[in-house]
Amino acid sequence: MLRRLAPAAIRRLSRRMMADRNFHAQAERYVRRYQATIGEAAEREGEGFAAQTMLGSDQGRAFLLLDTAIADAATG
């Protein structure tokens, strides 16, 4: 779904990850850490409202874009 909403941003990030290994490594670390934080919040709360709020934040949107771009770079 995110690829349909922001295809140009995903392509730019994906290309940058393929060209810049340091950026790619930093993005992967950010995604792993934020994913763990979301998981912990969902476990604590049970309903997932905290996780939804986190994904709706600027950091959450960056997480979604980077996660999608990492997957795109891996296939492309």
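Me: Which residues is S14 in contact with, leaving aside its neighbours within four places in sequence?
Reply: A69, D72 and A73. Contact means heavy atoms within 4.5 Å. This is a predicted model: local features need pLDDT of at least 70, side-chain atom pairs count only at pLDDT 80 or more, and totals for chains, interfaces and linings use all residues. Residues are numbered from 1 along each chain as its sequence is written, and side-chain values use heavy atoms, with hydrogens and water left out.

Me: Why is S14 called buried?
Reply: Its relative accessible area is 2%. Buried means under 20%, exposed over 50%, partly exposed in between (1.4 Å probe, protein chains only). So S14 counts as buried.

Me: Where does S14 lie?
Reply: In helix α2, residues 7–19. Helices are DSSP runs of H or I, at least four residues, numbered from the N terminus.

Me: How do you know that the span of helix α5 agrees with its 18 residues?
Reply: The expected span is 1.5 Å times one less than the number of residues. For α5 (residues 58–75) that gives 26 Å. The end C-alpha atoms are 26 Å apart, so the two agree.

Me: What do the buried residues of α5 pack against?
Reply: α1 (2–5), α2, α3 (21–45) and α4 (49–56). Among the buried residues of α5 are F63, L66 and A69.

Me: What makes a nonpolar core, and which residues touch the most other members of the largest one?
Reply: A nonpolar core is a set of buried Ala, Val, Leu, Ile, Met, Phe, Trp, Tyr and Cys residues joined through side-chain atoms within 4.5 Å. The largest has 14 residues; M17, I38 and L66 touch the most other members. Helix α3 gives the most to this core, with six residues.

Definitions and conventions:
Helices (H or I, at least four residues) and strands (E, at least two) are DSSP runs, numbered from the N terminus.
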